[in-house]
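This report describes a single protein chain for a reader who wants its fold, its packing and a few of its residues set out with care. The sequence and the coordinates are shown first.

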Amino acid sequence: MVPESRHPAPAPTDLLPARGTWVEPLPHLGGPPGTRTAHLSDPNLLREDGVLIRSQDPHTARRAEEILATADDLPDAPRARVDLEAGAEEYSRSVTAAVDDIRAGRLQKAVLSRKVPVEEEIDFPATFVAGRRANTPARSFLLDMDGLKVVGFSPEIVVGVRAGGEVVSQPLAGTRRLTGDPDTDRRLREELWSDPKELHEHAISVKVAVDELAGPCKPDTVVVRDYMVIKRRGSVQHLASEVAGRLPEGGTAWDAFAAVFPAVTASGVPKYASYELIRRHEPPRGPYAGTVLVAGSDGSLDAALVLRSAYHANGRTWLRAGAGVVEHSRAERELEETREKLGTIAAHLVRA
């Protein structure tokens, strides 16, 4: 998580500051006591309105300038090969097991993901430039910190808080691919709007978002705006809604963040039951489904959901994508949805 100000922002009450990071003292939710769950730093910003490069490190600024200067060469840069079928059979079994749990009444929805290895070395800055040109993300990010690299094109924000106290959450749930053919994409959009499974998945996600924001926001200020519109995000199109409210006097952006994170669109309904199911079927997620955020000294906050990303740590590079599983889910369709989402990042991995 990246604050815009040098001054430390107030942490949620269940997070403890430790040497510039935050740790979460809830080992039953995954990870041993002392597991690092957040990283704070002054940002090196590359803004699109100009372009303005700001960095405390002259080397970083020069490197950013070099990348921009050679950006026109990237369309012809060699791309990495990725096997999108990696882990497919195991994932399908996990979806089937999750559907059984849902039909047994243990939960309503779970977002299950699968990990896909990338065998070739990736140029992360070049991938950021190439992928950003081709995608239509809500937010983009490029991180290199403590041995972890992440490049991503987030489809949604977990929560945004303006300096005046307006709070916005943008749940996305319900997916169909984008082909580039207008007639096909229109047909798939109409299919998305009429699919009972997708409509149900989206509706319960929006309900959770409303219930969560009702906690930190003023009574009767929480509303749903732009219900079930279509958002185009790279290689896919989503059902999207916007839930908004207003903080009371004395309320902070961290109150709103604590109320909605982890995001319902990357966990499930109810959340604690989905956490347990995810732990049974997935290895630790790492940064996937976390957040990259900017916190301002004026009380503002902008938290992007970490999806549609490539990751590198400990000599390994990988991708990850998931799908929302509900009672009427079919394993083959959820598997196909992960392929569609992986395409958002897989097609733009520039080889080192």
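## The chain as a whole

The model is predicted, and local features are described only where pLDDT is at least 70. Eight helices and 19 strands make up the secondary structure of the protein chain. Of its 352 residues, 49% are buried, and the chain exposes about 17100 Å², of which carbon and sulfur atoms supply 51%. Among the contacts between residues at least 6 apart in sequence, 68% join residues that are at least 24 apart.

Six strands form an open sheet in the order β8-β9-β18-β19-β7-β15, and their pairing is antiparallel. β8 and β15 (268-269) stand at the edges with a single partner strand each, so one side of each of these two strands has no neighbour in the sheet. Helix α3 (residues 124-134) packs on the sheet, where it touches β8, β9, β18 and β19 (316-325), and its direction makes about 0° with that of β9. Helix α7 (residues 271-281), in turn, lies across β7 (109-118) and β15 and runs at about 35° to β7.

The buried residues of α7 are Lys271, Ser274, Tyr275, Leu277 and Ile278. These buried residues pack against α2 (88-103), β7, α5, α6 and β15, which takes in helices as well as strands.

## Strand pairs and hairpins

| Strand pair | Bridges | Residues opposite each other |
|---|---|---|
| β8 and β9 | seven | Phe141 and Gly152; Met145 and Leu148 |
| β10 and β17 | four | Ile157 and Ala304 |
| β16 and β17 | five | Ala295 and Leu301 |

β8 and β9 form a hairpin with two residues between them, and Asp146 in the turn has a positive phi of about 50°. In the hairpin of β16 and β17 five residues lie between the strands, and there Gly299 in the turn has a positive phi of about 95°. β17 pairs with β10 and also with β16, and four of the five residues of β17 are buried, which leaves the strand mostly covered.

Nonpolar side chains in soluble globular proteins tend to be buried together. In this model the largest nonpolar core has 34 residues, and those with the most contacts inside it are Val159, Val161, Val167, Phe257, Leu293 and Leu301. At least two residues of this core come from each of β8 (139-145), β9 (148-154), β10 (157-161), α5 (196-213), α6, β16 (291-295), β17 (301-305) and β18 (309-313). The largest share, five residues, is that of α6. Apart from this core lies another, of 18 residues, among them Ile67, Val116, Phe124 and Ile345.

Which residues of helix α6 are buried? In this helix (residues 253-260) they are Ala253, Trp254, Ala256, Phe257 and Val260. Seen down the axis of α6, these buried residues fall within an arc of 155°, so they line one face of the helix. An α-helix has 3.6 residues a turn, so residues three or four places apart point the same way.

## Two buried arginines

Arg308 lies in the loop between β17 and β18. Its relative accessibility is 7%, and Arg308 therefore counts as buried, the cut-off being under 20%. Leaving aside neighbours within four places in sequence, Arg308 is in contact with Val151, Gly152, Phe153, Pro155, Arg233, Val236, His238, Lys341, Thr344 and Ile345. The C-alpha atoms of Arg308 and Gly234 are separated by 9.2 Å, although these residues are 74 residues apart along the chain.

Arg333 is placed in helix α8 (residues 331-346). Is Arg333 buried or exposed? At 15% relative accessibility, Arg333 counts as buried. Not counting residues up to four places away in sequence, Arg333 touches Thr175, Arg176, Glu198 and Glu340.

Note on methods. Residues are numbered from 1 along each chain as its sequence is written. This is a predicted model: local features need pLDDT of at least 70, side-chain atom pairs count only at pLDDT 80 or more; totals for chains, interfaces and linings use all residues. Side-chain values use heavy atoms; hydrogens and water are left out. Buried means under 20% relative accessible area, exposed over 50%, partly exposed in between (1.4 Å probe, protein chains only). Contact means heavy atoms within 4.5 Å. Accessible areas come from the Shrake-Rupley method with a 1.4 Å probe; for residues, only the protein chains shown count as cover. The arc is that of the directions from the helix axis to the C-beta atoms. A nonpolar core is a set of buried Ala, Val, Leu, Ile, Met, Phe, Trp, Tyr and Cys residues joined through side-chain atoms within 4.5 Å. Two strands pair if DSSP finds at least two bridges between them. Axes are lines fitted to C-alpha atoms, for helices over the stretch in contact, and angles run from 0 to 180 degrees between N-to-C directions.
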